[in-house]
Amino acid sequence: MRMRCHIEVGVSPVLALGRDVARSIILVAPERVEQVRALVQDLTLIISNDGAPRCSIDPKGKTITVSRKMLEHLWCTALAYWVLYSRHLAGRTVTKREELDLTADKQTYAAMKLLKWSIDTVIRSVDKPWPEGLYRPCVNPDHGSEVHVANELLFTAVAFLLHHELSHYRLAHSAGTERVDTIDQERDADYEAANWMLGACRGEVLVKRSIGVATAFMAMVALDIHARRYEPARHPRSIERLINTLDRYVTDPHHVVWGLTVGSLKVHLDFMNVKVHNRAFESARQAAEEYAEVLSRQPASD
Ligand SMILES: [Zn+2]
């Protein structure tokens, strides 16, 4: 394999994971390693020291660029949702309205504070160093620790974004000018990337990879909700991308990935004071769909 990787020197702890980020494009689906090797031949991956969350491909230069802020935001998203889910939601069936105080547990509070830091820096376009005293990524964390899970989910989420960009290349997408064209292309790239990662796996592997895919989308959904950006110009709405993509591979409406998604979504809706119906849902999948519906009716900020 001749994939090259450039990592700019920067101050963020997430850059220590840069080599594994680059490998994720291959390691995310070991069953397709031969195919992907051919695909990434001559490809250059650049991890840029950029304070805005970006991921893009230059087809002519065969270069994919992912920014440091994108990695930071994905890591903060993965960590926060995993802490929320594993400490408060896993294994529980919620049948009636319950209040969850996210400040009562110190670790949950720290994880949410970190995610808020990431969202705020992106929305306000300010580049700030990783905050002290909160969770942070590191190489070789204790196996099974929350930092370890966040690292693994970062690798899976970023692999999805990289495969999304590769799909634009493989499907020979052009930079269309019509909104409908670009939306169709984005959807096709999502489905192609998801098929690459989720199309041939089952059980625990499907759980892990689908949570990674959901994390990649939820990182965008969170930014859209906090910026009140409900109708982006060139991409389909992020929450619809999430639901439509997962629906193709996750058929169980009670699947853990739906539980994690809907729990995370509700945190952002509550924070932004977006009201949803106070009723019981048949499944986490159904709740996710209703929350998406509520978001589609929100007035945009601009
Ligand atoms: Zn795209």
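Apart from neighbours within four places in sequence, V213 is in contact (C-beta atoms, placed from the backbone, within 7 Å) with F160, A194, M197, L198, T245 and L246. The model is a predicted one, in which local features need pLDDT of at least 70 and side-chain atom pairs count only at pLDDT 80 or more, whereas totals for chains, interfaces and linings use all residues. Residues are numbered from 1 along each chain as its sequence is written.

V213 lies in helix α7, residues 203-226 (helices are DSSP runs of H or I with at least four residues, strands runs of E with at least two, numbered from the N terminus). With 28 other C-beta atoms within 10 Å, V213 is buried (20 or more such atoms; exposed residues have 12 or fewer, and partly exposed ones fall in between).

Helix α3 (residues 68-89) packs against α7 at an angle of about 100 degrees, the axes being 9 Å apart (axes are lines fitted to C-alpha atoms over the stretch in contact, and angles run from 0 to 180 degrees between N-to-C directions). The two helices, α3 and α7, are therefore roughly perpendicular (65 to 115 degrees). H73, L74, T77, A78 and Y81 of α3 meet T215, A216, M218, A219 and A222 of α7 in this contact.

Strands β3 (residues 55-58) and β4 (residues 63-67) pair in the antiparallel sense over four bridges (pairing requires at least two DSSP bridges). D58 stands opposite T63 in β4. Four residues lie between the strands of this hairpin, in which K62 adopts a positive phi near 50 degrees.

Conventions. Contact = placed C-beta atoms within 7 Å. Parallel < 35°, antiparallel > 145°, perpendicular 65-115°, else oblique.
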